[in-house]
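Please look through the structure shown below. The briefing that follows is grouped by topic.

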Amino acid sequence: MTKRFSLLAASASAFALLATAPAFAQDADDDVIIVSATKRDTTLQATPVAVTVTTADVIEKAQILDIKDLQSVVPTFRVSQLQNAGNTTLTIRGFGNGGNNIGIEPSVGLFIDGVYRSRAAAQIGDLPKLNRVEVLSGPQSTLFGKNASAGVVSIVTAKPDFDANGYIEGGVGNYGLNYAKGYITGGITDSIAVSLGGGYQSRDGYFEPANGTGGSDFNNLRRYNLRAQALWEPTDSLSARLIWDKSVLDENCCGVATAIVGPTAAAIGALGGQVPTPTDPFSYETAVNFDTVNEIEDGGISLQVDYDLNLLGGMTLTSITSDRSNSYDYDSDSDFTTLSLLESTFQLVDIDTFTQEVRLTSDNDSALAWMVGGYYFNEDIEQNSGLDYGADLRGYIDILAGGPAILSAVELTAGLAPGTAFGDQVRIDETFKQDNEAYSVFGTVDFDVTDRLTLTVGGNYTDDLKKVSGSTVNNDLFSNIDLQTNPGTGLLAQGAIAGAFGNPNDPIAQAFAAAFGGLELTAANFGALPAAAQAGFTEGVRQTVISGLEPLQFQPQFLAFPNAVEGGKTADDEFTYTLKAAYEINDNLNAYVSTATGFKASSFNLTRDSRPFLADAAALASVAGGSLLPNNYVAATGRNFGTRFSGPEEVVVYEFGLKGKFDFGAFNLAVFDQTIENFQSTIFQGTGFVLANAGEQSTRGIEWDATVTPFDGLALGVSGILQDPEYDEFTGAPGPNGTVVDLSGETPAGINELSLSVSAQYDFALGDTMEAFVRGDWQYEDEVQVVDNIVGVTRDTSIFNAALGVTTESGLDIRFWGRNLFDHETFTSAFPGVVQAGSVNAYPNQPRTYGVSLRKNF
């Protein structure tokens, strides 16, 4: 707590000192950065929001090719890619979710030209002509709606130009990288301008299959995109912008390493299999039996219309309409061994999204500025997914169970054919559908109390309705056996007792001695016991046998929903607000204080691990016509119960900000205290995903962004975030190896206390006809545990990137670039081994890459 208070005190002291600072000369107008974080075009200095802006110049010179590269220059922002390109999680100030479960909406909203992209798979497009990227920290629900509880990434691209211009660019690099892209724009009439851009990226993978496993390299690139625009401006008061885009991805992703070798690795080896190189997790070798299918198609159309109305002193009516579709097809060898434990894990998803925003914004010089608007969202999701057991799974499970006789005894007494349990005929097919309809009404008012003090109040009411259905076809008969009534478990107990006769080191013999005053377990001693004592001891051993077999029943029959008890829908509504006071201290300094709330609606677990709530057990067991519960749903112990959905996230933040701009540089500073209630946590536990609400999660800290230009041409930048995240309350959290733990008071995994981005760029002339630049940036993050339920796997970052380039008088650019030049090695994420208790797999970061690009501007 001392650190938190000292941060606030230091910031308040800085504010007091700077409030009396003299004014310095401002930079020229062409150095002013314009942002649209408040849905109005304002200068960065005058915007009372914690926002980091990455300009087109930085994006181009730093060779930022996709959204994952952006985190190298924005320390508050992180991108984590998991088992495929469609499973990508965005976080701001360490908070974000949604990547691994199509039913969980992200907490960080991504907007491209004002259009919301609802899922990570819809973010893959390489945009041909960027203007800027704005990263807004903290809840932004007042203006951006229900899924901006942790922040917003707003990408702004260039409009078509009436003056003809464009570029063509190509590049090559290591790992066989080659890419090309181009853009052309111009007017076709006095009122209509168009643009067309597109490109592709292709690169070999940097992950190789382990020795003798065959297959292609993993983590390759194969992406294509096309984007067309039309801009119609028939009068000075009317503008309409139509955008169509299409992007395609077809890659072999993603390579996995072994971070921790568990006891099950011995069973893999006994069957002649391999795991990813256990002695060197950064050998970039993965163990699979076939290439991954990872295909994504994303596309859509949007129309933005702006009309200046000559009413009430001036106002602008804006309408943004979008219709988008996204589909992806994924199939992988998800056990990440050379054995065929899981023959296939597949997922086919189709998403159709329609959005409509209308807002009316005042446009005059009065002391009162206002905005009112409405937003409509409609999205349909259909997912067909599942898995096939592999030919080696039965032999592997036999070793874990203690020998082939164990499963055979259960099969025989359950009336199943030999080899039924864990045979390669077992398949699970899942079908999930979700219809989501939401609307919002919002408004803000800015009142200039004086020419330096502005007060802002804003509000948003959101209503969100989800209707969901889920069902499976599951022929895993072993998971449906009631082991408590199965005679085979009694036979196994009797056999285990007999096997321990005369062996005092056997755990059963030791338990016998403890139960009967040190008596040795022999056939004679056991037979001499009273019948009740024999039965009691045998029952105890039988329960031990059952407790060893129950974890192998990891695919119980699925209770389809909606049903007579579970409605399969959620209806959430919330009012969020923003209150701000912004003060222009002098011509160079602006300060603000604010509080804001955020909201994210309930999210469903759309996987085979979606389970009914324990609170519904009694109702499910007593419906007319008989219990709906399948076998092995045990209310007394909670076995096979879980969560269908997690409740809404609610966020509140208190913030103090200071922004300055001088002739020698600029800085932006924000001190924040942010709390999230009911954070929607989803964690993989080796055989399935657990969805839960963390009671309360908070962070307090300071973020800053500063640039200094000590002399003409040289720009130095330092940005960072220092924070103190904590689970204030998280009981019943998923723990290591399937346990349940209390994380209250602990530091959330994956959130760095300190993140930095340091950059230097020098632009200079080469003679009279050429211009050149050299740039370097360093990304640093302190060490942090990667995932809450895995101890011993950490992430730290120290990555150096560099670029240099020359521009000729004819508009030809030549750039040389390198990323992660010192080949820093770390893990980006990790997960418990699939059906391999005690083992941990992880995703290593991308190794050193470098290349050269050539661009012709015209």
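The crossing of helix 6 and helix 7 is right-handed, a term that applies if the near helix is turned clockwise from the far one by less than a right angle. This is a predicted model, in which local features need pLDDT of at least 70 and side-chain atom pairs count only at pLDDT 80 or more, while totals for chains, interfaces and linings use all residues. Residues are numbered from 1 along each chain as its sequence is written, and side-chain values use heavy atoms, with hydrogens and water left out.

**Helix 6 and helix 7**

- Helix 6 covers residues 404-414 and helix 7 covers residues 487-499; they pack at an angle of about 145°, and their axes are 7 Å apart.
- Helices (H or I, at least four residues) and strands (E, at least two) are DSSP runs, numbered from the N terminus.
- Axes are lines fitted to C-alpha atoms, for helices over the stretch in contact, and angles run from 0 to 180 degrees between N-to-C directions.
- From helix 6, the contact uses Ala405, Ile406, Ala409, Val410 and Thr413, and from helix 7 it uses Pro487, Gly488, Leu491 and Leu492; contact means heavy atoms within 4.5 Å.
- An α-helix has 3.6 residues a turn, so residues three or four places apart point the same way.

**Helix 5**

- Leu393, Arg394, Tyr396, Ile397 and Asp398 of helix 5 (residues 393-401) are buried, that is, under 20% relative accessible area with a 1.4 Å probe, protein chains only.
- The cover over these buried residues includes helix 4 (264-270), strand 21 (368-389) and helix 6.

- Strand 30 (residues 689-708) pairs with strand 31 (residues 714-723) in the antiparallel sense, over eight bridges; two strands pair if DSSP finds at least two bridges between them.
- Ile702 has Leu722 in strand 31 as its bridge partner.
- The hairpin of strand 30 and strand 31 has five residues between the strands, and Gly713 there takes a positive phi near 100°.
- Strand 31 is also joined to strand 35 (residues 754-766) by nine bridges, and the two run antiparallel.
- Opposite Gly720 stands Leu756 in strand 35.

- Five strands in the order 3-8-9-6-7 form an open sheet with mixed pairing.
- Strand 3 (51-55) and strand 7 (115-117) are the edge strands, each pairing on one side only.
- Strand 6 (residues 108-112) and strand 9 (residues 151-157) run parallel and are joined by five bridges.
- The bridge partner of Leu110 in strand 9 is Val153.

How values were computed:
Buried means under 20% relative accessible area, exposed over 50%, partly exposed in between (1.4 Å probe, protein chains only).
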